[in-house]
Amino acid sequence: MRRAVLIAVPYLWLLALFLIPFFMVFKISMSDAILAIPPYGPTMKDGFRELISQLDFENFVFLTTDDLYWKAYLSSLKIAFIATVLTLMVGYPVAYAMARAPEEWRPTLMMLVILPFWTSFLIRVYAWIGILSTNGFLNQFLMGIGVISEPLTILNTNTAVYIGIIYTYVPFMILPIYAALDRLDASLIEAAEDLGCSRFKAFWLITFPLSKNGVFAGCFLVFIPALGEFVIPSLLGGSSTLMIGKVLFEEFSFNRDWPVASAVAVVLLLILIVPIVLFQMNQQRAQEAEQ
Amino acid sequence: MRNVMLGTVASLALLATAATAEEVRVYNWSDYIDEELLTKFEEETGIKLIYDVFDSNEVLETKMLTGSSGYDVVVPSGTFLQRQITAGAFQPLDMDKLSNKGNLWDVIEARTAQYDPENAHSINYMWGTTGLGVNVGKVTEALGADAPMGSLELVFNPANMEKLADCGVHFLDAPAEMIPAALNYIGEDPDSHDPDVIAKAEAVLMAVRPYITKFHSSEYINALANGDICVAFGWSGDILQARDRAAEAENGVEVAYTAPTEGALMWFDQMAIPADAPNPDAAHKFLNFILDAQNMADASNYVYYANGNKASQEFLVEDVIGDTAIYPDEATLENLYTTTPYPQKVQRVVTRLWTKIKSGT
């Protein structure tokens with residue numbers, strides 16, 4: 001009995017927070033846009049049989065007729081991928097330094113990583129507008145110390161989007177890598193060095209492979225939200241920054257086409273499920289390996 | 001369409017003076033009223049006023065079409081109002097409860113009736129035009145003394161735009177306003193719903209696209225006032241705000257607004273009561289309060305937009321009523337055009353065209 005309850009809890013969680021919302025969106029994606037409240041039909045009010053008979057895949061077919069959608073998916077995948085690699089490059093050294101720091105410093109360092117979350121995400125992204133704009137802090141600083149003579153155009157470009165994503169998601173990269181490095185047995189490194197490894201080689205052969213799970217976890221925690229990111233590209237990106245989150249917003253608000261917007265969201269979810277499943281498999285393998 | 005602020009909607013819950021359970025929830029554009037009027041309403045009626053603001057018609061429309069917004073009074077623009085009436089989002093007004101309705105201006109009412117037949121669901125709050133804001137000094141410097149500052153030639157002729165590109169040009173990020181303007185420039189019907197005609201706007205906008213610094217619907221206020229850009233295609237009141245900010249800052253920037261001589265879009269923001277408003281009775285009291293000549297004049301004197309209230313005109317300050325950029329003269333008024341909502345299929349064509357113009361995809 002107790003066992004059944006224990007197993008039921010995660011499944012109920014999955015049902016309530018993933019499957020039910022997913023089917024609601026999926027149902028809308030198969031309906032048609034109409035001018036009414038709500039702006040799609042048929043709905044449950046038309047009767048269950050009527051509802052089922054009128055649903056179709058028309059909106060998914062529509063997505064294939066315009067190259068805007070796959071270009072936006074590809075562009076989002078590219079931006080999310082590059083941003084994840086850059087975040088890893090920034091986050092790994094920080095996590096490594098934290099794990100190597102004296103024991104008594106670690107809580108403080110951990111605090112510093114978490115501290116920005118105390119301010120609203122939106123305000124922090126807005127702050128970057130002030131930093132990156134033509135007359136912003138960064139340009140004034142660089143011009144003040146004489147590094148550049150003309151202000152750099154960073155705001156409203158993809159570079160600003162990368163900066164925004166790295167800044168926002170780097171804690172999600174640092175924390176799992178730190179957790180992995182923290183558990184690392186220091187004697188392994190000592191052994192490697194005793195056996196003639198250079199410090200760099202010891203890192204590459206011992207430390208990095210053992211932190212791989214943290215790296216995987218961090219990369220997925222960054223990649224998945226970055227793929228569907230809307231706020232960062234719309235505030236920091238330019239009009240030529242093409243991301244699926246912006247396309248989805250336009251379908252929803254400018255076109256008032258909730259069914260097509262839902263179809264875009266369903267396809268986005270399918271794209272995300274592949275890395276999520278890979279991640280899960282990796283986690284499972286790691287757990288089995290530990291046992 | 002007025003001073004639009006990106007970001008989350010700021011909620012401005014005013015402290016009620018009267019200890020009553022009755023409340024009315026108003027959802028209006030940001031920076032679009034003199035806040036003293038809100039206090040005055042509470043004092044006069046004893047109704048607690050909860051005043052929230054939004055930043056785009058699309059945000060409001062999404063709430064209206066979802067239903068159960070919880071608001072008693074909302075302020076969509078004409079074309080959006082018309083579509084939402086068709087969707088059944090608003091209730092007809094009870095004219096018996098609007099004793100000040102006689103204050104309305106028949107000239108404006110005749111125009112708003114095309115969105116709301118017989119003005120049965122709404123009253124005009126404010127109206128304005130979409131036109132050109134120029135930094136007079138910089139444009140003269142770039143194009144010479146005979147620069148076509150009041151003409152669409154300024155922004156749709158690539159030869160002019162090429163010279164203006166260096167000092168910066170902003171366009172509204174509003175396809176339903178910019179595509180009609182482009183059509184008007186080439187002599188087509190700005191209100192065309194024919195996809196083949198709408199497609200002609202693409203060539204006009206694409207030809208000047210390389211010289212447009214940014215498509216944005218609010219940043220141009222500051223950018224114009226600071227002298228960061230030299231031309232903005234934007235909303236009248238916003239550009240007038242930029243003019244005033246520049247004058248206050250005494251930074252040597254002179255901003256001027258003109259409705260293009262070829263014709264300009266005239267838009268109307270209408271107050272309406274959602275079909276499922278929790279307190280329609282208090283909503284009518286709020287509308288009647290706004291219809292009061294003195295109150296409406298106070299609002300216009302504060303935000304620099306014209307209103308649809310004839311009786312309020314005697315209380316308007318000269319800066320407002322005497323400014324042809326706010327209250328156009330007869331000749332300009334003749335030259336203004338209005339648009340009607342795009343049907344769903346055409347809307348998709350318009351949005352797609354806009355995405356193509358902005359992103360090149």
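Predicted model: local features only at pLDDT ≥ 70, side-chain atom pairs only at ≥ 80, totals over all residues.

Biologist: Start with chain A. Which domains is chain A divided into?

Modeller: Domain 1 covers 23–56 and domain 2 covers 59–290. Their centres, taken over C-alpha atoms, are separated by 37 Å.

Biologist: How many residues does the contact take from domain 1 and domain 2 of chain A?

Modeller: Nine from domain 1 of chain A and nine from domain 2 of chain A.

Biologist: And which elements supply the domain 1 side?

Modeller: α1 (2–29) and β1 (32–33) of chain A each give at least two residues to the side that touches domain 2. The largest share is from α1(A), with four residues. By class, that side of domain 1 has six nonpolar, two polar and one charged residues.

Biologist: Now chain B. What does its domain assignment give?

Modeller: Domain 1 of chain B is 11–128 + 267–329, and domain 2 is 130–265 + 338–359. The C-alpha centres of these two domains lie 28 Å apart. Their contact takes 13 residues from domain 1 of chain B and 14 residues from domain 2 of chain B.

Biologist: What gives the most on the domain 1 side of chain B?

Modeller: α3(B), with three residues. The domain 1 side that touches domain 2 in chain B divides into seven nonpolar, four polar and two charged residues.

Biologist: Switching topic. How many residues does the contact take from chain B and from chain A?

Modeller: 24 residues from chain B and 18 residues from chain A. On the chain B side, the elements giving two or more residues are α2 (57–66), α3 (78–86), β7 (214–215) and α17 (344–359).

Biologist: Which of them gives the most?

Modeller: α17(B), with seven residues. The side of chain B that touches chain A has four nonpolar, 14 polar and six charged residues.

Biologist: Last one, the helix pair in chain A. At what angle do α6 and α8 cross?

Modeller: Roughly 140°. The axes of α6 (residues 121–132) and α8 (residues 158–182) of chain A come within 11 Å. The two helices are therefore oblique to each other. α6(A) passes α8(A) in a right-handed crossing.

Biologist: Which residues meet there?

Modeller: From α6(A), A:F121, A:V125, A:W128 and A:L132. They meet A:A160, A:I163, A:G164, A:Y167 and A:T168 in α8(A). The residues of this helix contact divide into seven nonpolar, two polar and no charged.

How values were computed
Residues numbered from 1 in each chain as written. Chains lettered and ligands numbered in written order. Axes fitted to C-alpha atoms, helices over the stretch in contact; angles between N-to-C directions. Parallel < 35°, antiparallel > 145°, perpendicular 65-115°, else oblique. Left-handed = near helix turned anticlockwise from the far one by under 90°. Contact = placed C-beta atoms within 7 Å. Nonpolar A, V, L, I, M, F, W, Y, C, P; charged D, E, K, R; others polar. Domains from an automatic or database assignment.
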